[in-house]
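Trainee: Could you walk me through the pockets and cavities of this protein?
Mentor: Happy to; let's look at it together.

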Amino acid sequence: MAAYKIGVLYGDGIGPEIVRATVEVLTAAAERTADATFEWLELPMGWTAIEKYQDPLPERTKQALEHCHGWIMGPHDAAAYPAEYQHKRNPSGELRHYFDLYANIRPIKTMEGIKSVAGEADLVIFRENTEGFYPDRNMYTGTGEFMITPDVAISTGVFTKKAAERIAHAAFRMAMKRRKKVTIVHKANVIKLANGLFLNTCREVAKHYPEVAVDDYHVDAMAAHLVRRAKDFDVIVTTNMFGDILSDLAGELVGSLGMAPSINTSDDKGMAQAAHGSAPDIAGQNIANPIGEILSAVMLLDWLAERHADQALSGIARLVETAVQKTVAEGVRTRDLGGTASTTEFTQAIVGRIKGL
Ligand code: ATP
């Protein structure tokens, strides 16, 4: 029986509540199948790390993650950190940069019993994660933003063929396992050189996957298409900022941002992280929806299962996924989904299902 070492980074706001729920659910599923075990390694990140180590992402956390099979990342409230930390990359930006987690994969799927304002949807957004218009990660050193005078700011976008190639390959590989359709989203009509490079590189990569149908849309048109006919899309590949925006939109369209999972991967590291933020407005009230974080962990298990050719992990992933779906379909829901269950009640309902499945 294989044992997997998984880092656990609670983070800020609702982070400790939803990450704790995730660990509890995965532990129950592993015990139920007895085919794989998890060794949880709690590592400092966020406000607690600032208080103890004067750093929201201490060196010791990064070093420990080098030796983990993957990790579960809570959200952080970096905008609220003291001024001396504002010049640094926030913890997720730093981890994405440090481990070169170039693919941010965000599935959007309707769930039985949850109202979707966009009708049926089952799509996956592949967001390039290392460059584009994000000044915290698109430079080797320093930041990609400058202020020439107090009234003039310049923000740079960085687009490379290498980054477009690897995210496109990741998207096409996924499409081959799904409905064999990739949509490239860009704004090459205006950002002609940079987004033109992205678009053309994706089209070149497409030639390696002749079975996959390819189309492309400008990002503004894509926002409208997602609302009107989300069901027509399978895999979407896009640049960093467009992927960030479209995935929040799509997540909310099919229910709640609190349900939207995501995983960040390189070729050998995987970080599960819900698409939403730390939700400080509801932190500590035991009302947060843990589904986004739990399903992110499911994605991590699937990614590890493929890497290690371990069916046991896929089995645990399916057990957790089914338990979440059945719990929601039965009407047990947190407040953001119109229910009354607290985070812990909802978590216990899932654990109960896992034990009974
Ligand atoms: P960030 O910039 O870190 O992504 P944000 O400020 O854009 O964060 P969130 O923290 O994601 O936004 O919160 C947006 C809204 O969604 C808030 O009203 C928050 O309470 C709600 N929300 C986010 N996550 C959840 C969740 N898991 N359960 C319930 N509500 C949530």
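Trainee: Which helices each supply at least two residues of the lining of the second largest pocket?
Mentor: Before that, note that this is a predicted model, where local features need pLDDT of at least 70, side-chain atom pairs count only at pLDDT 80 or more, and totals for chains, interfaces and linings use all residues. Residues are numbered from 1 along each chain as its sequence is written, and side-chain values use heavy atoms, with hydrogens and water left out. Helices (H or I, at least four residues) and strands (E, at least two) are DSSP runs numbered from the N terminus. At least two lining residues each come from helix 3 (59-66) and helix 4.

Trainee: Which residues lie nearest the centre of the second largest pocket?
Mentor: On a 1 Å grid over the protein atoms alone, a pocket is an open set of points with protein on both sides within 12 Å along at least five of seven lines, a cavity is a set where a 1.4 Å probe fits but cannot get out, and lining residues have an atom within 4 Å of a point. This pocket holds about 530 Å³, a volume being the space filled by probe spheres set on the points, which are joined across faces, edges and corners. Of its 23 lining residues, those nearest the centre are Gln86, His87, Lys88, Arg89 and Asn90.

Trainee: Which residue caps the N-terminal end of helix 4?
Mentor: Look for a side-chain oxygen 3.1 Å from the backbone nitrogen of Ser92. That oxygen belongs to Asn90.

Trainee: Why is helix 4 largely enclosed by the rest of the structure?
Mentor: Buried means under 20% relative accessible area, exposed over 50%, and partly exposed in between (1.4 Å probe, protein chains only). The buried residues of helix 4 are Pro91, Ser92, Gly93, Glu94, Leu95 and Arg96. Helix 4 (residues 91-98) is largely enclosed because the buried ones make up six of its eight residues.

Trainee: Where does the largest pocket lie?
Mentor: Its volume is about 1,100 Å³, and among its 39 lining residues Ile105, Pro107, Met174, Met299 and Asp302 are closest to the centre. Domain bounds come from an automatic or database domain assignment. Both domains give residues to the lining, so the largest pocket lies between domain 1 (1-102 + 267-357) and domain 2 (116-254).

Trainee: Which helix gives the largest share of the lining of the largest pocket?
Mentor: Elements that give two or more residues include strand 4 (103-109), helix 5 (161-177) and helix 9 (291-307). The largest share is eight residues, and it comes from helix 9.

Trainee: How many charged residues are in the lining of the largest pocket?
Mentor: Ala, Val, Leu, Ile, Met, Phe, Trp, Tyr, Cys and Pro count as nonpolar, Asp, Glu, Lys and Arg as charged, and the others, Gly among them, as polar. The lining has 20 nonpolar and eight polar residues, and the charged ones number eleven.

Trainee: Which helix gives the largest share of the lining of the largest cavity?
Mentor: There are two cavities of 30 Å³ or more, and the largest holds about 60 Å³. Helix 5 and helix 6 (192-206) are the elements giving two or more residues to its lining. The largest share, three residues, comes from helix 6.

Trainee: How many nonpolar residues line the second largest cavity?
Mentor: This cavity has a volume of about 30 Å³, and its lining includes Ile108, Leu123 and Val254. With no polar and no charged residues there, the nonpolar count is nine.

Definitions and conventions
Polar contact = N/O pair within 3.5 Å; in protein donor to acceptor, adjacent residues only side chain to side chain.
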